[in-house]
Amino acid sequence: MFGIDTDSITHRHLIDPMIQCLRCKAFVWIQESLKSTRNHRDGPQFSFCCSKGQIVLPDLRPIPRLLELVSGDTDESVHFRSKIRQYNSSLSFTSMGADVDRALANSSGGVYTFRVGGEVTHHMGSLLPLKDQPAKFGQIYILDPIEQAIRRNEIFDQQLDEHLLLELQQILEVVNPFCRRYKSIRQREYGKRISSLKIILKDRQSEEQRQQRQRQQQRHQRQRRQ
Ligand SMILES: [Zn+2]
């Protein structure tokens, strides 16, 4: 190990192997389970991943192009992985709002720790940027696709590949319903003077999601009986 006198380490912290939440199959640590359920005969229950099985998300469709970028060994894949957080942030719709413990986050000693007090929120500004302000977060999705890629790259000091950004934007337009919504606004309203426009997010469970949830509950009941 570089720069660390291993003889001076007196305390080691061992992390248990991860287990899977029986409901949603997320990888979790037992310490993250609800304390009262840890020794339960049906297995521990977890709140933070799926709220004890109450939240059922539709299965993700495999996206071969993303798998290639995440696991390939081409120069493009290596570049993508080296900037994966920037690509992810560049495509986010909202910014995170939280009361972050800055002293701990900026501390130079020990393991990097990100501590948040209270509630974590997502900030979403107006649909269009304010006068003379560049587009940020969701506002970028209203722009023409090439302008979007240019603006995202500008935010990250030209460290990203604009062709790759264009491809990622196109993938999102196929798989992400919010992205499609922004696209339809762009196609209808681009270049026009928009005076009033609202996006309302509604939680509506589709028939497919309802059936999937039922199947998951039946699977869970079968597992319990075994
Ligand atoms: Zn879960």
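Trainee: At roughly what angle do the axes of helix 5 and helix 6 cross?

Mentor: In this predicted model, helix 5 covers residues 145-155 and helix 6 covers residues 162-175. Their axes come within 9 Å, and the angle at which they cross is roughly 120°.

Trainee: Which residues of helix 6 make the contact with helix 5?

Mentor: Helix 5 passes helix 6 in a right-handed crossing. On the side of helix 5, the contact is made by P145, Q148, A149, I150, R152 and N153, and on the side of helix 6 by E162, L165, L166 and Q169.

Trainee: Is W29 buried or exposed?

Mentor: W29 sits in the loop between strand 2 (27-28) and helix 1 (64-71), and leaving aside neighbours within four places in sequence, W29 is in contact with D16 and M18. Because 12 other C-beta atoms lie within 10 Å, and a residue with 12 or fewer counts as exposed, W29 is exposed.

Trainee: What is the phi of F137?

Mentor: F137 lies in the loop between strand 4 (116-123) and helix 5, where 19 C-beta neighbours inside 10 Å make F137 partly exposed. Most residues other than glycine have a negative phi. F137 is not a glycine, yet its phi is positive, at about 45°.

Methods:
Residues are numbered from 1 along each chain as its sequence is written. This is a predicted model: local features need pLDDT of at least 70, side-chain atom pairs count only at pLDDT 80 or more; totals for chains, interfaces and linings use all residues. Axes are lines fitted to C-alpha atoms, for helices over the stretch in contact, and angles run from 0 to 180 degrees between N-to-C directions. Helices (H or I, at least four residues) and strands (E, at least two) are DSSP runs, numbered from the N terminus. A crossing is left-handed if the near helix is turned anticlockwise from the far one by less than a right angle, and right-handed if clockwise. Two residues are in contact if their C-beta atoms, placed from the backbone, lie within 7 Å. A residue is buried if 20 or more other C-beta atoms lie within 10 Å of its own, exposed if 12 or fewer, and partly exposed in between; C-beta atoms are placed from the backbone.
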